[in-house]
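Take a look at the structure, then work through each solution with us.

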Amino acid sequence: MSFLTQLLPLKHRIEVYLSKACFDSLVVAPELEYMQSVVNGEAVAMWSQAWQNKQFRYVRMSYLTSASRIEMLNLTMYPQVCYDAPLFATDIVVVNQRLRVAVIDAMPIFPSETAYWERWILPFEPLHRQSLLLAPVYDRKLDWSFHYLGPCACLATQLPAERFPALFDLWSGYFELYWELATDAISVCNNRMEQVQEWHRAYDKEHAAVESKRNPLLHYFGRALGLRYIHEFLFASTIG
């Protein structure tokens with residue numbers, strides 16, 4: 001069976017970054033690690049992986065592709081809650097050889113604090129300006145996206161396939177800057193850690209509720225397996 005491979009270069013790039021950073025692979029239930037189906041006569045397949053290390057309590061990635069119509073890549077990195085570093089998120093959807101949406105962001109936990117803004121948001125402004133030059137801005141309609149995404153998030157859309165390498169290079173810029181800042185993070189006090197824990201919990205709870213209602217995987221792979229994927233893989237990490 002032949003599948004689309006337009007996002008595979010970025011998937012491989014992510015795997016190389018994580019391998020060099022000495023992440024340990026986590027076990028994913030076999031029925032969630034690889035999922036397949038036929039939707040409207042077209043084969044659809046999805047692979048999911050998870051990792052962790054001393055600085056990141058949970059990192060997850062899913063890559064979905066089909067024979068001719070759609071590709072999706074999702075990556076979310078949760079730092080250990082003893083740090084107040086943002087979550088790093090990537091969500092890319094390609095439909096019919098064209099970018100539907102690309103979200104790349106270091107999602108800030110305390111954006112209203114001046115010192116936090118200067119450390120975790122301001123450095124991403126040049127990359128945000130690059131994203132505005134690369135592609136039109138995706139029009140957000142869901143309230144939660146305004147609450148969690150930062151002001152320097154890449155929100156790209158309508159990019160043709162021949163411009164995907166430029167998008168992948170922009171992703172590397174975001175990731176490498178985030179990695180530089182996150183690996184230099186300092187442990188926070190107990191009160192601050194409790195605030196970080198609560199932010200992580202709220203993020204997972206709110207996103208799980210949204211995904212349980214609208215995630216297309218519920219249609220692709222059936223509601224029972226789709227819900228397992230959401231609750232056992234996407235938002236299954238235990239906060240310690």
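Asp169 has a relative accessibility of 48%, so Asp169 counts as partly exposed; buried means under 20% relative accessible area, exposed over 50%, and partly exposed in between (1.4 Å probe, protein chains only). This is a predicted model, where local features need pLDDT of at least 70, side-chain atom pairs count only at pLDDT 80 or more, and totals for chains, interfaces and linings use all residues. Residues are numbered from 1 along each chain as its sequence is written, and side-chain values use heavy atoms, with hydrogens and water left out.

**Exercise 1.** Find the salt-bridge partner of Asp169.

*Solution.* Start with the rule: a side-chain nitrogen of Lys or Arg lies within 4 Å of a carboxyl oxygen of Asp or Glu. Asp169 meets Arg13 at 3.2 Å, N to O. Helices here are DSSP runs of H or I with at least four residues, strands runs of E with at least two, numbered from the N terminus. Finally, Arg13 is partly exposed at 26%.

**Exercise 2.** Describe the salt bridge between Lys11 and Glu15.

*Solution.* First, the closest N and O atoms are 2.7 Å apart. Then, because Lys11 and Glu15 are four residues apart in helix 1, about one helical turn separates them. Lys11 is buried at 11%, while Glu15 is partly exposed at 23%.

**Exercise 3.** Locate Cys22 and give its phi.

*Solution.* Cys22 sits in the loop between helix 1 (8-20) and strand 1 (24-25). Its phi is near 60°, a positive value in a residue other than glycine.
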